[in-house]
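Have a look at the structure first.

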Amino acid sequence: MRAVQSCHGTPTRAGRVKKLTIRVNDSSSSSSNGSASGHSEPEDELDGAAMGGKMRPLGKLQREDSFRLRAYGSIRNFIDGGERKLSQSFFFGRQQSQHQQQQQHRNSECMDYDNISVSNASTVAQLRRESSFLRRGSISSSWSISDSSGSGNSATQSQSQSQSQSQSQAQAMTGHSQQHCRDPLLGWLEISISYRESFHSLDCTMVRARDLPAMDSAGLADPYCMLNIITPEAHAKYTRWQRTKTVHKTRNPEFNETLQFVGVEPEELGNSLLYVALFDDDKYGHDFLGAAKVCLSTVHSTSQYRISVPLGAEDQYSNVAEMSQNWPNGKMLLSLCYNTKRRALVVDVKQCINLMAMDSNGSSDPFVKLQLKPDAHKNKKHKTSVKWRTLNPIYNEEFYFEASPHDLNKEMLILTVWDKDLGKSNDFLGSLQLGAQSKGERLQQWLDCIRLPDHFHEKWHCLAADNPTH
């Protein structure tokens, strides 16, 4: 057939119409509206930009999942017998949403879906970009655009670009908020500082601390302080850190102890910091409680400077203070897991470092003994293999102890490290205990093993000098 000629003598192409349709399935109104007719909702054709009296082609936007619509755009309220309302708009900006909200009261008896006219494909992409960025987290759904005229590729590209832009905006907002997040408050420390210029001495009095973190099952701690001066070069001025006494069984210790730093010049006060780190005293490892920094530029030689400062999270200086403490018996890397299928505690002895030398050649032949007490299931004792002539043995050996999670709340895992001697008794090197009566990192690892089963929980622990089996 020949094409129909227009009045100007040029053939007229058949008009192409794209449909922008929103399908909404609402469970609250399906029984009253949709199910009564037994037919699907009609698709309304949308107006486009006029081109010679013809409709300009538009895309067909379909909803892939059924949901209760909640969002930010400009679709008019769904009203069904005065029961259903959608209080917010979905697509357009604030100016168009205000204009359409005025029409909502005049069109309260309209259909359950509305038609939206757009002018071009760029507007569609902009609407999709806004809707994807402003959709609430409770609506997890996707949109797709289909075009019978073959322009679906461009729409798909615009959709992917809009999604990437929205993701970049969300990441930027997340990073911006994280920068303004404050460190967790771990308590308060009251300090009194004075400087005696004639002796070049800085006197620091640890008065008291308040609201420290709990370290044991009773909700208490055994805190003490470690002090040093941080130079403008961000280094500790003294190799040996000053240490206060330990105040036992309290989260609000009263120290009232003065520590002196000798050899501090007056010009050093302007750019130096007093760094105070608080730890929990335990024979199996000193756990971090909090840290405070005090600028020494406010210290005057004629008066005593007293201040209460908040305690923050650990940093590089607190790690230096912890490493400065001597642990002659070494450390052990231990991994725990409660296996629900076997109903057993899995103990993975990874390795030990810096063990004591017990042989004349400056090394040891270490192995580890394991025991779970009290032994309700008659578990036999376990021990690792012997690693000859080393102070840093690597084991990676697993052992199973049958026990229920309820029993683990009452039991204690005891590990002892020994030096193997042929022909005579073995030498004791160190010990470690973990259980519900432990403190700090050891208690946390034990509780994590019970609360989060079928996962290995790995931590380093210090070895104590006493033998708990004797």
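Four strands make it up, in the order β14-β13-β16-β17, and the pairing is antiparallel. At its edges sit β14 (382-383) and β17 (427-435), each of which pairs on one side only.

Look next at how β16 (residues 412-419) meets β17: the two run antiparallel and are joined by eight bridges. If you want a landmark there, Met 412 stands opposite Gly 435 in β17.

## Helix α7 and its two sheets

Which strands does helix α7 lie across? From the sheet described first, α7 (residues 440-451) lies across β13 (366-373), β16 and β17, and runs at about 55° to β17.

## The largest pocket

Helix α7 turns up again at the largest pocket, where it gives the largest share of the lining, six residues. The volume of this pocket is about 490 Å³. Its lining counts 22 residues, and those nearest the centre are His 286, Asp 287, Phe 288, Glu 322 and Glu 441.

Which elements give two or more residues to that lining? They are β9 (287-295), α5 (316-323), α7 and β18 (457-462). Sorted by class, the lining of the pocket has 10 nonpolar residues, seven charged and five polar.

Most residues other than glycine have a negative phi, and most peptide bonds are trans. With that in mind, check the bond between Lys 373 and Pro 374: it is a cis peptide bond, with omega at about -10°. Pro 374 belongs to the loop between β13 and β14.

The other spot is Asn 256, which has a positive phi of about 50° although it is not a glycine. Asn 256 lies within a strand, β7 (residues 254-262).

Across the chain, the mean pLDDT is 74, and 60% of the residues reach 70 or more. Where does pLDDT stay under 50? One such stretch is residues 108-125, for which the model has 39 contacts beyond four places in sequence. Another is residues 127-156, with pLDDT below 50 and 60 contacts in the model beyond near neighbours in sequence.

Where pLDDT is low, the predicted coordinates should not be read in detail.

Methods
Residues numbered from 1 in each chain as written. Predicted model: local features only at pLDDT ≥ 70, side-chain atom pairs only at ≥ 80, totals over all residues. Heavy atoms only, no water. Pairing = 2+ DSSP bridges. Contact = heavy atoms within 4.5 Å. Axes fitted to C-alpha atoms, helices over the stretch in contact; angles between N-to-C directions. pLDDT = per-residue confidence, 0-100. 1 Å grid on protein atoms, 1.4 Å probe; cavity = no way out; pocket = protein on both sides within 12 Å on 5 of 7 lines; lining within 4 Å. Points joined across faces, edges and corners; volume = space filled by probe spheres on them. Nonpolar A, V, L, I, M, F, W, Y, C, P; charged D, E, K, R; others polar.
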